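Biologist: Can you walk me through this model? I'd like to start with a helix.

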Amino acid sequence: MVGGDEKRYGGAKWGLGELGPEWLRGCRGQLESLKGRDERSLDPKSRVIVPQRFRPLFVPEGVLAPHEDGCIALWTTAEYAEESLRQHVRAKETAAIGHEVRRWFSMCSDFSLDHQGRMIVPPGLRDYAELGTEVFFFGVFDRVELWSKQVWERREASFGSTGS
């Protein structure tokens, strides 16, 4: 911090007086979002190489979870804790949402990277996201998303080139 000019965050998420999680800080200590797109292949053993720029986030481990629109979210353990709290609060809204949240928690899975930067995608999540051999990784602010290439391309076609 230079001369006390940087914005401070308070509360349970960041802790009092901290600048946010270490992984979101750039070279000047400012918060940065995850971004970018990479294409990869899922091997016959359900392993996929995580893009190099995202790997430091998941050492020693991360959490895979079903996410919106049929993709898989890769959460840091800290961000997963925040997301799981949001899900827990949602579960109390209605019985149907409570069931949906139970299903969400049942599909979440811890993962770690091997020495080649690969992770294993569990069968339930692989089926949920309709993963084939070709997949995309997207950095999306506070998480990384893993998409089936075919599902992503169908989605892109349905929204057209304007993204609306």
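Biologist: Which residues are buried in α1?

Modeller: In α1, E79, Y80, E83, S84 and Q87 are buried. Buried means under 20% relative accessible area, exposed over 50%, partly exposed in between (1.4 Å probe, protein chains only). This is a predicted model: local features need pLDDT of at least 70, side-chain atom pairs count only at pLDDT 80 or more, and totals for chains, interfaces and linings use all residues. Residues are numbered from 1 along each chain as its sequence is written, and side-chain values use heavy atoms, leaving out hydrogens and water.

Biologist: Where do E79, Y80, E83, S84 and Q87 sit around the axis of α1?

Modeller: On the same side of α1, because they cover an arc of only 135 degrees around the axis. The arc is that of the directions from the helix axis to the C-beta atoms.

Biologist: What covers the buried residues of α1?

Modeller: The cover includes β3 (62–66), β4 (72–76) and α2. Contact means heavy atoms within 4.5 Å. Helices (H or I, at least four residues) and strands (E, at least two) are DSSP runs, numbered from the N terminus.

Biologist: New topic. Which elements give two or more residues to the lining of the largest pocket?

Modeller: α1 (77–90) and α2 (95–107). The lining includes E83, Q87, R90, E100 and R103.

Biologist: And Q52, buried or exposed?

Modeller: Q52 is exposed, with a relative accessible area of 53%. Q52 lies in the loop between β2 (47–49) and β3. Its C-alpha is 10.0 Å from that of D38, 14 residues apart along the chain.

Notes: 1 Å grid on protein atoms, 1.4 Å probe; cavity = no way out; pocket = protein on both sides within 12 Å on 5 of 7 lines; lining within 4 Å.
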